[in-house]
Amino acid sequence: MRRLLVQAALSTLRRPNPHTVELRHWATRIAARRGKQVAVVALARRLAGILFALLRDGTTYQPRRASGHSSAATASRAPA
């Protein structure tokens, strides 16, 4: 299972996908500080956590919106 998670992490880093933009940016920041191999393992661990949460809750993966979109949505919910 560990090898499959590492392969998924490598694939996430190598192939741009609009659904994984936030994960790629997160791993890229780690790679800049600690190196690519550490970033791959960290991303594999994060994927494991996401998979566990999906199985536990019985839900499907819903990627987070970009930070610019979420602040606009938060502002629209604030009372006037």
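How many residues does helix 2 have, and how far does helix 2 reach from its first C-alpha to its last? The legends below take up this helix and then a charged pair. The model is predicted, with local features requiring pLDDT of at least 70 and side-chain atom pairs counting only at pLDDT 80 or more, while totals for chains, interfaces and linings use all residues. Residues are numbered from 1 along each chain as its sequence is written, and side-chain values use heavy atoms, leaving out hydrogens and water.

**View 1. The span of helix 2.** Helix 2, residues 21–34, has 14 residues and reaches 20 Å from its first C-alpha to its last, close to the 20 Å expected at 1.5 Å a residue (the expected span being 1.5 Å times one less than the number of residues; helices are DSSP runs of H or I with at least four residues, numbered from the N terminus). Gly-35, with a positive phi near 110°, follows helix 2.

View 2. Leu-23, Ala-27 and Ile-30 are buried in helix 2 (buried means under 20% relative accessible area, exposed over 50%, partly exposed in between, with a 1.4 Å probe and protein chains only). They lie on the same side of helix 2, because they cover an arc of only 55° around the axis (taken from the directions from the helix axis to the C-beta atoms). What covers these buried residues includes helix 1 (2–14) and helix 3 (36–57), whereas the face turned away from the buried side carries the exposed residues Ala-32 and Arg-33.

**View 3. The salt bridge.** The structure holds 1 salt bridge, defined as a side-chain nitrogen of Lys or Arg within 4 Å of a carboxyl oxygen of Asp or Glu. In this salt bridge the side chains of Asp-57 and Arg-56 meet at 2.9 Å, N to O. Asp-57 is partly exposed, with a relative accessible area of 45%, and Arg-56 is exposed, at 55%.

Technical notes. Helix = DSSP H or I, 4+ residues; strand = E, 2+ residues; numbered from the N terminus. Contact = heavy atoms within 4.5 Å.
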